Amino acid sequence: MIKGSIVALITPFDEAGNVNYRKLRELLNMHIEHGTDAVLILGTTGETPALSEEEQDEIVRVSVEEAGGRIPIIVNSGTNNTEKSIARSIKYQEMGANGLLVITPYYNKPNQSGMIEHFYKIADSVSIPIYIYNVPSRTGICIDVGIVAELSKHPNIAGIKEASGDMSYVAKLSTLIHDDFNIYSGNDDITIALMSMGAAGAVSVWANLMPEKVREMTHAYLEGRTEEAGKMQLQYLNLINALFCETNPVPIKEIMNMTGMQVGSCRLPLGSISGANRRVLASLVKDMNL
């Protein structure tokens, strides 16, 4: 069971708008050096809808190769098409992924029986851990706690990335935690709050910028230094909020570029950040000496 900081990795592009695989390797090594506990690729932060299937496959190949077993690689294989999700899951497992993130089906809005069967069929098709991804702001649907309870019984379904921001919902989910199933915060601003209810850590956007701080904060909580962890959460709250001033990953890539990480811009339909929000980020870079 992975615990601590899982980075939701951005996809770097070069000046021509192509995937920058050299930079991808650099970022993976940076996270290994700073102790990040796992890397999630091809997620929301990775702009997966704007990537071709060939680019997605190459990102997986390069990431698994560069990681070389030094850090777990989790790959997003979920879509709103069950058979397509199964095919991707099998392919990524064969390519060496250590785990899979599977989003709740968007647009289709499946009923309860369809939701359960969707996840069961995907989980039955592979032998590596699957993590449910609940993000209603993106999908238009919040997976019912009763469905999660049913899915948590499957031996291949290891946990849920919870990004609803609903603390009452998380409290109900917390009753489902056991040795083979856990919750991961999908909202950087409430990671410690969720860990106080039993979450194992975070799938973090913030970790793209400050991997050592996210690891330090999550592990402080896991090691019983709860007050220290809570203070870190509040210390960086303004920065975290600024990272979501526009659609993710527009702000995180902007601030990474400001700090010299040269990860490129976002692909359309995600456009450039507004001037006002750029100034907010620039001020934070200066004030926090990033």
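Analyst: On the H2 side of the contact with H3, the residues are Glu53, Gln56, Asp57, Val60, Arg61 and Val64, and they meet Arg88, Lys91, Tyr92 and Met95 of H3. Sorted by class, the residues of this contact of H2 with H3 comprise four nonpolar, one polar and five charged. The model is a predicted one, and every value given here is computed from it.

Two packed helices are described by the angle between their axes and by the distance between those axes. For H2 and H3 the angle is about 30 degrees, and the axes lie 10 Å apart. H2 and H3 are therefore roughly parallel to each other, since angles under 35 degrees are counted that way. The crossing of H2 and H3 is right-handed.

H3, which spans residues 82-95, also packs against H4, residues 112-125, at an angle of about 25 degrees and with the two axes 9 Å apart. That angle makes H3 roughly parallel to H4, and H3 passes H4 in a right-handed crossing. In this second contact, H3 contributes Thr82, Ser85, Ile86, Ser89 and Ile90, while H4 contributes His118, Lys121, Ile122 and Ser125. By class, the contact of H3 with H4 holds three nonpolar, five polar and one charged residues.

Most residues other than glycine have a negative phi, and most peptide bonds are trans. Leu42, although it is not a glycine, has a positive phi of about 65 degrees. Leu42 sits in the loop that runs between strand E2 (38-41) and helix H2 (53-67), and at 2% relative accessibility Leu42 counts as buried, the cut-off being under 20%. Asn289 is likewise not a glycine and has a positive phi, here about 55 degrees. Asn289 belongs to the segment after H13, and with a relative accessible area of 69% Asn289 is exposed.

Two cis peptide bonds can be described as well. One joins Asn248 and Pro249, with omega about 15 degrees, and Pro249 is placed in the loop between helix H11 (237-242) and H12. Another runs from Leu268 to Pro269, where omega is near 20 degrees. Pro269 is found in the loop between H12 and H13, and Leu268 is found in the loop between helix H12 (250-258) and helix H13 (275-287). Leu268 is exposed, with a relative accessible area of 70%. The C-alpha atoms of Leu268 and Ala16 are separated by 13 Å, although these residues are 252 residues apart along the chain.

As for the cysteines, a search of the whole structure finds zero disulfides. Cys266 is in no disulfide, and the nearest cysteine sulfur, that of Cys245, is 12 Å away, whereas a disulfide would need the two sulfur atoms within 2.5 Å. Cys266 counts as buried, with 15% relative accessibility, while Cys142 is partly exposed, with a relative accessible area of 37%.

Terms used: Residues numbered from 1 in each chain as written. Predicted model: local features only at pLDDT ≥ 70, side-chain atom pairs only at ≥ 80, totals over all residues. Heavy atoms only, no water. Axes fitted to C-alpha atoms, helices over the stretch in contact; angles between N-to-C directions. Helix = DSSP H or I, 4+ residues; strand = E, 2+ residues; numbered from the N terminus. Parallel < 35°, antiparallel > 145°, perpendicular 65-115°, else oblique. Left-handed = near helix turned anticlockwise from the far one by under 90°. Contact = heavy atoms within 4.5 Å. Nonpolar A, V, L, I, M, F, W, Y, C, P; charged D, E, K, R; others polar. Buried < 20%, exposed > 50% of the residue type's maximum accessible area, 1.4 Å probe, protein only.
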